[in-house]
Amino acid sequence: TSAVVNFLEFQKEKVLLLIDQSFCENLIYLCWIGHTTLNFVFLVTEIITEILMLTGNYAVLYQQLIKAVDTKRIFHDPLYTLAFGTDASFYRLIPKMVIKAKNEEEVSLILKESSKLKIPVTFRSAGTSLSGQAISDSVLVIAGNHWKKFSIDTDGLKIKLQPGLTGEKVNNLLAPYGRKIGPDPASINA
């Protein structure tokens, strides 16, 4: 393990030529079958991230966003972005940056700064995304755990939802009122 880490640290120029999507997939596979540990994968990922820093407008966007968004919720390393390169569809696009947005102010900032730099933004929230609508090769904004607020009015006739709620959760909220949202696809539980 330490020999590989030393190689990565001292041969950065050559490592750039080796690192591609299949490298990341193989590293994840080796971890999955037990030939390496998660700690090793994370260590290699840290080194690779330092080597593969964002460039161009994406680097400018990152610098603008870290002024207001916690860097622990902005990802651009190959393994993390590869993980978000697919949804429940047959498509794969690897995002350059993944941002787990916490609130409306962060989303507004992301959209404002991305627009200035002409960088496309795609959103992903609860649900399965069976048609590839939640993948991107640019910036992917995740509206997940921080986006689960709701209110139910008028005996369940009106409901306001944030995008982090799945159809199943919403139907569970509406069940006491004898109501549910439609349609009723098989993937509503996802």
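I looked up where helix α5 meets α7 and found Leu61, Gln64 and Leu65 of α5 in contact with Leu109, Ile110, Glu113 and Ser114 of α7, taking contact as heavy atoms within 4.5 Å and helices as DSSP runs of H or I with at least four residues, strands as runs of E with at least two, numbered from the N terminus. By class, I noted four nonpolar, two polar and one charged residues in this contact, where Ala, Val, Leu, Ile, Met, Phe, Trp, Tyr, Cys and Pro count as nonpolar, Asp, Glu, Lys and Arg as charged, and the others, Gly among them, as polar. For α5 (residues 56-65) and α7 I read a packing angle of about 145° and an axis separation of 10 Å, the axes being lines fitted to C-alpha atoms over the stretch in contact and the angles running from 0 to 180 degrees between N-to-C directions.

I kept in mind that this is a predicted model, in which local features need pLDDT of at least 70 and side-chain atom pairs count only at pLDDT 80 or more, while totals for chains, interfaces and linings use all residues. Residues are numbered from 1 along each chain as its sequence is written, and side-chain values use heavy atoms, with hydrogens and water left out.

I then checked pLDDT, the predictor's confidence in each residue from 0 to 100, and found a protein mean of 78, with 67% of residues at 70 or more. Confidence is highest in α7, at 97, and lowest in helix α2 (residues 12-18), at a mean of 47.

Last, I noted that lysine 118, although not a glycine, has a positive phi of about 60°, and that this lysine 118 lies in the loop between α7 (104-116) and β3 (121-124).
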